[in-house]
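Good morning, and thank you for making time for this presentation.

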Amino acid sequence: MKGKQILSAIAAVLALLLAAAMPALAEEKNDIVIGGSMPLTGPFAFAGIQFNRGLRDYMEWLNEQGGIEGRKVRYVAEDTGYEPDQSVAVFRRITSRENVSFYFGDSTAFHQTINRELDRRDIMMTGASFASELNDTERYPLQFMHGPDYSEQVAILLRHIAEEDPGARVAFIYSDTEFGRDPISAGRETAEELGLEVAARIVTPPGAADISSAALELRRARPDYAIFHGYILAPIPDFIRRARQMGMETRFMGTYYSMDQSIIDEMGEAADGFMGVMPYRYFYEEDAGESELMRAIHERNDEYQTIYYIQAWVAGSMMAQIARETLARGEPLKGSRMRASMEGLDEVDTGGVIGVPVRFRGNSLPVGRIYRADVEAGRMVPVSDWIDLD
Amino acid sequence: MDWLFFIEVSLAGIGAGSLYALTAIAFVLIYKATRVINLAIGEMLMVGAYLFFALGAGWSLSWWLAIPMALVGGGLLGMLLERGVIRPMLGENPISVFMVTIGLGSILVGTVELIWTSAPRSLPGFMPDEAIFIGEAFIAPNTFWGFVIAAVVIALFLLLFRFWRGGVALRATASDQGAAWAMGINVPAVYSLAWGLAGMIAAGSGILLGAMSGVSPEMAMFGLTVLVVVIVGGLDSVFGALLAGLLIGWMESVVGVYLGGEYEHLVTFILLMLVLLVRPWGLFGSHEIERL
């Protein structure tokens, strides 16, 4: 009899626990899940940690605003170490246990590798890569970029040069990696179309420690502008210092991933005058208050936030807009349906972080602004209007 | 042909090669004394650079204080690795020891990422900034002073190796461990000394390299080219390391400018393949070098 009582008590407790858990389970089932393969360790961790914080904070803020059409948003991510095979493993793990609608990827290699799987599972993806190859709606129908692809970034720089200094001589300095080579041939064509002369193409081997001979090559070419691509920091400072030592007056420019505030902090004096393309407003920008998203970012953070953190907010905001549009059409949050809603958007909601109305061209948003490093002020300052390639 | 330009490119290459040579000496020193192929040499170099970064930028110490402290730190790291990881592996299959050094490399990279994150950093400047001209040929000051410092350190090392008691003990242990034991040389202490000195040299290379291109965990990749240098020069030949370092530095520089940067590593690895086919023990190495 005693045994029976104990069993009954256990059953009652279990029933209570189950009853308590049911609403939570039902609630979780209704959640919109955003998965992520995040490079929280490894060579890309400096950005990955910020992407992760940015997406987590954005989802938290979005839920405080009532979520998407009343549905909560849940962000689930794991570390990849910036290894494509690990990114794939994380993708499989998360998508097998969650009903994922959106995914955030960490590298071009992962975006390429996982493409078929995305099609199969009908999941929409964005991420850290701005590779030009991904800007192909036929081959990558379920992927989108929340900024200009690398070729478009170079095109924005070239357009600025052509306006400021028609007929200028331009050199491309890039790393011998898939990332580095990405925009070079398109960049040459764009330069020619804009009446600019390509004075040199200088390639540095991956991880090159010494760029002495490449700097001599640059001096021989004597370009008015040199555009770096495929680097984060090194060897940009070394090139600039050597060019100054050789008495060159070349103006140096970079693409998105070499444009964080850290370039000023790490390069010091040598950074002065360094320019580059940036699709988003910086944290400290004076007109940041015009942007709803920037205001929300400022409410949550007193200290400077990197461009990667802001990029993650933009990515989150675009996912939310695509989901809202799809739900408004009465469609399920499946990749192919969301693609159709995305294409129907007249204007993409970047929460004002991109300072002009934008819309997709293919899989990208071909808009950016030129900023210049002002070392005395200790910040990046805009030197052009927003340039829209569309 | 623009000969002045060719000379400038060659000088730049020899400057870069001096860093290969310096790091290769650290590699050869360990191999000669302990017969360990230390694949973590690039990571030891990276740790040295980060120590200088921490002392010079983090603690804001003057460079003349931060550099010796970073060198001592590099030396201590070398001795610690030898005593804690390599010595217990004595007598094991060389492949096992080789694999352990690969693991050590990963641990060092992971530790650096934990402490300083993987974000690239710049080192505090400590070299003169004025352009250097030899005749009409320009040499970047970093390259020039890097070469001068590397040359002085190598010369000092050779003198120590030749005349200092510890250097004699090192050479004796390298040529015959049994005989060295029999003559009363403390072989385990020699092991520690070799790893300590190699750690210091690697830290010095790391600081010079970091002064040129900044520091990041990726700078450990430098060790890969150093491996090519020592295989080409001969794993147990100091002279081979010096010559192969300068040769590969010069070759990469000339190839990079005249053929394009994408061919630099290709040509280096073709040279490696040719040497392995024709003289697998390297240009100046001993015939009895063990094949792995």
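This is a predicted model: local features need pLDDT of at least 70, side-chain atom pairs count only at pLDDT 80 or more; totals for chains, interfaces and linings use all residues.

For chain A, the mean pLDDT is 91, and 92% of the residues reach 70 or more. Among the elements of chain A, the lowest mean pLDDT, 54, belongs to helix α1(A), residues 2-30, while strand β7(A), residues 225-229, has the highest, at 98.

Let me turn to the domains. Chain A is divided into domain 1, made up of 31-147 + 287-355, and domain 2, made up of 150-278 + 368-388. Taken over C-alpha atoms, the centres of these two domains of chain A are separated by 28 Å. Where they meet, domain 1 of chain A contributes 9 residues to the contact and domain 2 of chain A contributes 14 residues. On the side of domain 1 of chain A that touches domain 2 of chain A, there are 4 nonpolar and 5 polar residues, and no charged ones.

Next, the two chains. Here, 32 residues of chain A are in contact with 37 residues of chain B. On the chain A side, the elements giving two or more residues are α2(A), β6(A), α9(A), α10(A) and α11(A). Which of the elements gives the most to that side? It is α9(A), with 7 residues. By class, the side of chain A that touches chain B comprises 17 nonpolar, 8 polar and 7 charged residues.

The buried residues of α5(B) are Asn142(B), Thr143(B), Phe144(B), Gly146(B), Phe147(B), Ile149(B) and Ala150(B). Their cover includes α9(A) from the other chain, together with α1(B), β1(B), β2(B) and α8(B). As for its length, α5(B) has 23 residues, 141-163, and at 1.5 Å a residue it should therefore span 33 Å; its end C-alpha atoms are 33 Å apart, which agrees.

Thank you for your attention.

How values were computed: Residues are numbered from 1 along each chain as its sequence is written. Chains are lettered from A and ligands numbered from 1 in the order in which they are written. pLDDT is the predictor's confidence in each residue, from 0 to 100. Helices (H or I, at least four residues) and strands (E, at least two) are DSSP runs, numbered from the N terminus. The expected span of a helix is 1.5 Å times one less than its number of residues. A residue is buried if 20 or more other C-beta atoms lie within 10 Å of its own, exposed if 12 or fewer, and partly exposed in between; C-beta atoms are placed from the backbone. Two residues are in contact if their C-beta atoms, placed from the backbone, lie within 7 Å. Ala, Val, Leu, Ile, Met, Phe, Trp, Tyr, Cys and Pro count as nonpolar, Asp, Glu, Lys and Arg as charged, and the others, Gly among them, as polar. Domain bounds come from an automatic or database domain assignment.
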